[in-house]
Amino acid sequence: MYFFILFGTIALLFLLVKGMFLCFIPQSKLPPFFERSFRYIPPAVLSALVAPAILYTRSAGGFDISPVKIAAGAIAFGVAIKTRSILATIASGMMFLWLLTYLVG
Amino acid sequence: MSGKKREFLRGARSGVPLMIGVVPFGLVLGLAVREAGLTTIQSVFFSTALLGGTAQLASVQLYGAQASAIVVIATAIIINLRYSMYSLSLYPVLKERSFPERLFAAYCVSDQSYAVTMAEYERDPESKLLPVFFLGVSLAIFFVWACSILVGYNLGTVIPPELSLDFTIPLVFMSLLIPHLKGWDRQISALVGGFAAVILVPSLPLQSGLLVAILFGIGAGVAAGFFKKAENNRGEE
């Protein structure tokens with residue numbers, strides 16, 4: 001039950017945010033400060049999600065540094081910059097992860 | 001075929017090239033949903049009642065890690081604040097429509113359908129059928145997105161954990177990050193956000209590390225943007 005209450009609330013709040021100026025406060029202008037800070041949401045969010053997931057492996061004991069993941073992540077980052085392709089990034093990252101795991105372990 | 005129907009289908013078709021990005025992202029989100037321990041009914045609710053890409057991933061991971069409700073909600077909302085900006089620029093497109101129709105538009109709009117619709121709006125701002133086009137592309141993306149999540153959720157059971165498929169999650173986000181790194185102010189925002197997450201995610205209580213790291217990243221970006229603007233102004237003098 002907790003799940004449905006939590007994600008039902010998130011669904012309703014998403015409607016409020018996604019329809020903010022379309023349904024609820026029409027024809028207004030955003031304060032310029034907000035508009036400026038929105039520019040930085042995607043880079044801040046995405047790298048905050050990526051960095052710990054590449055650096056650490058979660059185990060029962062907590063967060064362990066994982067050199068294999070870091071190496072595979074670094075290679076995939078280069079591929080991502082060069083190709084701008086989601087599929088090429090996934091493919092190169094996973095291939096090197098498997099290869100390095102096989103070589104090291 | 002009526003003009004409306006044709007415009008709806010044209011919208012749906014114009015979303016097809018974007019599916020290359022939507023499907024892998026949806027699949028890995030499905031894996032994350034499985035890892036977070038959702039039941040089948042919960043995952044169906046999760047993939048149809050809300051639509052918010054990154055915010056969906058962060059919130060389901062936090063839920064799985066037993067973060068407090070406030071942290072889950074606040075993280076999801078902050079990540080999705082950009083949609084309020086979309087709603088501002090969609091207003092001229094949908095202002096003639098009724099309130100329930102605009103609310104439905106808010107429900108099904110995605111990054112992708114917003115981008116495609118605004119490109120169409122640039123091409124032909126006078127089009128009376130643009131709301132139908134918007135509905136076509138939005139529903140097509142939403143449908144493929146929800147299906148990908150559910151497929152990923154079910155794949156999670158057949159793929160052995162030794163393959164570390166969860167590593168695809170940061171890989172997808174990595175490639176989504178690249179286009180947002182134009183300009184040194186945004187690079188600072190990414191660096192600070194990532195660095196703060198590495199320090200704070202394992203250390204802050206109640207899984208609040210991600211939220212705080214995001215706020216640090218945004219704050220650093222705003223500060224850098226300040227300096228960048230001052231620099232540009234000097235350049236123009």
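Chain B of this predicted model is divided into domain 1 (3–177) and domain 2 (182–237), with bounds that come from an automatic or database domain assignment. Residues are numbered from 1 along each chain as its sequence is written, chains are lettered from A and ligands numbered from 1 in the order in which they are written. Because the model is predicted, local features need pLDDT of at least 70 and side-chain atom pairs count only at pLDDT 80 or more, whereas totals for chains, interfaces and linings use all residues.

The centres of domain 1 and domain 2 of chain B, taken over C-alpha atoms, are separated by 25 Å. Contact between the two domains involves 10 residues of domain 1 of chain B and seven residues of domain 2 of chain B, two residues being in contact if their C-beta atoms, placed from the backbone, lie within 7 Å. On the side of domain 1 of chain B that touches domain 2 of chain B, at least two residues each are supplied by α4 (53–64) and α5 (69–79) of chain B; helices (H or I, at least four residues) and strands (E, at least two) are DSSP runs, numbered from the N terminus. The largest share of this side, four residues, comes from α5(B). Its composition by class is eight nonpolar, two polar and no charged residues, where Ala, Val, Leu, Ile, Met, Phe, Trp, Tyr, Cys and Pro count as nonpolar, Asp, Glu, Lys and Arg as charged, and the others, Gly among them, as polar.

Ala74(B) lies in helix α5 of chain B and is partly exposed, with 19 other C-beta atoms within 10 Å. A residue is buried if 20 or more other C-beta atoms lie within 10 Å of its own, exposed if 12 or fewer, and partly exposed in between, with C-beta atoms placed from the backbone. The C-alpha atom of Ala74(B) is separated by 28 Å from that of Val151(B), 77 residues apart along the chain. Gln66(B), in the loop between α4 and α5 of chain B, has a positive phi of about 60° although it is not a glycine. Gln66(B) counts as exposed, with 10 C-beta neighbours inside 10 Å.

The contact between the chains takes 70 residues from chain B and 59 residues from chain A. Helix α10(B) gives the most to the side of chain B that touches chain A, with 10 residues. By class, that side of chain B has 49 nonpolar, 18 polar and three charged residues. Helix α10 (residues 168–177) of chain B is itself mostly covered, 10 of its 10 residues being buried; among them are Ile169(B), Leu171(B), Val172(B), Phe173(B) and Met174(B). The cover over the buried residues of α10(B) includes α4 (41–55), α5 (67–83) and α6 (86–104) of chain A, together with α2 (19–35) and α11 (184–200) of chain B.

The largest nonpolar core comprises 101 residues, of which Ala48(A), Val50(A), Val33(B), Val172(B), Phe173(B) and Ile214(B) touch the most other members. Such a core is a set of buried Ala, Val, Leu, Ile, Met, Phe, Trp, Tyr and Cys residues joined through C-beta atoms within 7 Å. Helix α9 (residues 130–158) of chain B provides the largest share of this core, 12 residues. Not counting residues up to four places away in sequence, Val33(B) touches Leu38(B), Ser43(B), Phe46(B), Val60(B), Ile149(B) and Tyr153(B).

Chain A contains six helices and two strands, which run α-α-α-α-β-β-α-α from the N terminus on. The radius of gyration of chain A is 20 Å, well over the 13 Å that the globule rule gives for 105 residues, so chain A is more spread out than a compact globule. This radius is taken over C-alpha atoms, and the globule rule is 2.2 Å times the number of residues to the power 0.38. The C-alpha trace of chain A spans about 60 × 40 × 25 Å along its principal axes. Of the 105 residues in chain A, 39% are buried. Among contacts in chain A with a separation of 6 or more, 28% are accounted for by residues 24 or more positions apart.

Chain A is divided into domain 1 (1–39) and domain 2 (41–105), whose centres, taken over C-alpha atoms, are separated by 31 Å. In the loop between α5 and α6 of chain A, Arg84(A) has a positive phi of about 60° although it is not a glycine. Arg84(A) is exposed, with 12 other C-beta atoms within 10 Å.
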